[in-house]
Amino acid sequence: MATLQGFLDTIEYFGGDDGYRCGYCKNEKGNFSHGMWSHTMTVQDYQDLIDRGWRRSGKYVYKPIMNKTCCPQYTIRCHALKFQPSKSHKKILKKISKFISKGELPKGQDDEACPGEPDKVCQSEVKCAASIDIQKEVAECPAIAEVQKEVADAAPADSEASRKEPVSVTDARTTATAPKPGVGADASRPPCRKAKDLRKERRLQKEQMRQDADGVSSSPSPAQTNQPKPLEDFISDSLPDNSSHCLEVRLVPVSLEDPQFAATYEQSAALYARYQMAIHGDDPSECSESEFRRFLCDSPLEAEYSPDGPEMGYGSFHQQYWLDGRIVAVGVIDILPTCVSSVYLYYHPDFASLSLGSYSALREIAFTRQLQKQSPKLSFYYLGFYIHSCPKMRYKGQYRPSDLLCPETFVWVPIERCVPHLENSRYARFNQDPDAGDARVLKDVGRALVLYRRTVMPYAAYTRKRKGPTDETEVQQYAGLVGQDCAERILLYRA
């Protein structure tokens, strides 16, 4: 007998006619987005949705109306395996290292934004009907063998773009004249060398000694010695032994059934409130425990495990940063089939000068690289939205190589090719092939699944049963936004 195992997702769609306040340019009615309340959702369906420009805030999933909203928000992803830290990233890691080893906190407050930070969706925008218990209706659904016969599964397709970083050219200088007596270098001593070169030489010597100890006598090739230092080494260097402080990162699933999450829930909620009031100027009522739970603990994603997936499984997690036995920062992330998606970061205001937003992003990129060793498909780090019209949010483009999602064809385009278009217009189509379209465009709204009177059925069957005015325009809009594949897998609630 057929069950609902293949139809776990249940949503209510709200459209997107009304404008509301923009958190970026502060326009009171300029922010437009489509929204839906997701009661449950599989990680694969959410992966497919964020690859179409959707994003979640708690259980509320929204998609900016790109050609209408005041500050278009483009989904951005970083190629984690190819990432190399920039000079500014290395400075941040050195700053962390100095604090951990010597206990010196930099002066001043760092005014950075956090990579995954979404524009918080107001509770008033979520029109979920409290009188309806959709979960009960799903649980009481009869067998749906006839639905499975009418609706066929579709295979998802992936796209990937890659590119190389520019190389720098050194400046060659020569001197032909010998120094005058008493001026310049002492000929009896070896020439001065940069500390950077000395450290590199010592590192190669240690590597050679290790190889000799293991019975490997061959010297490293030029290709090996010229390889850039990986991100993991920079992070390791930032956490020296015998230091003044101890920093530890713990990953906990977002579930009160998890002992560690439950044990740290109150401490984490208090830290969130402190962060929101100090950094964002929130009123205490705006960062209450219930708001914390709704925004950063409630998730529609069902925990899932796969033989070829990461050891901790897929779903929503908190990465807790513990300093000397207390939580000083929390990164909220989703682990999905092909990416780690950054949701939010909050931290203790006393440590604002440590650039914890950027530091957590570097740790999350390194974490993505670690997961890829267990699950080869999981190789991207999603930073949320890139907003070129808001200069403060352009920093996300510094995590290279990265791509932006084309808002019309939903293919990934290298950010270097996108920026010139955004300099000319807030809204832009990045795919320059005029004949290219949406690969998962809606072709048959009749095949979209709906939940009606505790029964799952295709929309075509629902229209024959339903009385009253038609809702085809709304359902057509919803199905077009999620795409044909998701429309055939996600249950759209119909009252």
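This note sets out numbered points on a predicted model.

1. Basis of the values. The model is predicted, so local features are reported only at pLDDT of at least 70 and side-chain atom pairs only at pLDDT 80 or more, while totals for chains, interfaces and linings use all residues. Residues are numbered from 1 along each chain as its sequence is written, and side-chain values use heavy atoms, with hydrogens and water left out.

2. Overall composition. The chain holds 13 helices and 15 strands; these are DSSP runs numbered from the N terminus, with helices being H or I of at least four residues and strands being E of at least two. Of its 495 residues, 50% count as buried, where buried means under 20% relative accessible area, exposed over 50%, and partly exposed in between, with a 1.4 Å probe and protein chains only. Among contacts between residues at least 6 apart in sequence, 72% join residues at least 24 apart; a contact means heavy atoms within 4.5 Å.

3. His-318. This residue belongs to strand 7, residues 315-323, and is buried, with a relative accessible area of 0%. The side chain of His-318 reaches the backbone oxygen of Leu-296 at 3.0 Å.

4. Thr-338. The loop between strand 8 (326-335) and strand 9 (339-347) contains Thr-338, which is buried at a relative accessible area of 11%. Its side chain and that of Gln-47 are joined by a polar contact of 3.0 Å. A polar contact is a pair of N or O atoms within 3.5 Å; within protein, one must be able to donate a hydrogen and the other to accept it, and residues adjacent in sequence count only if both atoms are side-chain atoms. Leaving aside residues up to four places away in sequence, Thr-338 touches Gln-47, Lys-377, Leu-378, Ser-379 and Phe-380.

5. On a 1 Å grid over the protein atoms alone, a cavity is a set of points where a 1.4 Å probe fits but cannot get out, and lining residues have an atom within 4 Å of a point. Grid points are joined across faces, edges and corners, and a volume is the space filled by probe spheres set on the points. The largest cavity has a volume of about 90 Å³. Its lining consists of Ile-96, Phe-99, Ile-100, Leu-247, Tyr-321, Leu-323, Val-328, Ala-329, Phe-351, Leu-354 and Leu-356. Helix 2 (87-102), strand 7 and strand 8 are the elements that give two or more residues to this lining, and helix 2 gives the most, with three residues. By class, the lining has eleven nonpolar, no polar and no charged residues; Ala, Val, Leu, Ile, Met, Phe, Trp, Tyr, Cys and Pro count as nonpolar, Asp, Glu, Lys and Arg as charged, and the others, Gly among them, as polar.

6. Second largest cavity. The volume here is about 80 Å³. Of the 13 residues that line this cavity, Gly-53, Met-66, Gln-73, Thr-75 and Leu-405 are the closest to its centre. Strand 4 (60-64) and strand 5 (74-79) are the elements that give two or more residues to the lining. The lining of the second largest cavity divides into eight nonpolar, three polar and two charged residues.

7. Cysteines. The count of disulfides is zero, a disulfide being a pair of cysteine sulfur atoms within 2.5 Å. Cys-70 is in no disulfide, and the nearest cysteine sulfur, that of Cys-25, is 3.5 Å away. Cys-70 is buried, with a relative accessible area of 13%, and Cys-287 also counts as buried, at 3%.

8. Backbone geometry. A cis peptide bond, with omega of about -5 degrees, joins Arg-400 and Pro-401. Pro-401 lies in the loop between strand 10 (380-386) and strand 11 (402-405). Lys-26 is not a glycine, yet has a positive phi of about 70 degrees. The loop between strand 1 (10-15) and strand 2 (33-40) contains Lys-26, which counts as partly exposed at 44% relative accessibility. Asp-324, likewise not a glycine, has a positive phi of about 50 degrees. Asp-324 is placed in the loop between strand 7 and strand 8 and counts as partly exposed at 44% relative accessibility.

Conventions: 1 Å grid on protein atoms, 1.4 Å probe; cavity = no way out; pocket = protein on both sides within 12 Å on 5 of 7 lines; lining within 4 Å.
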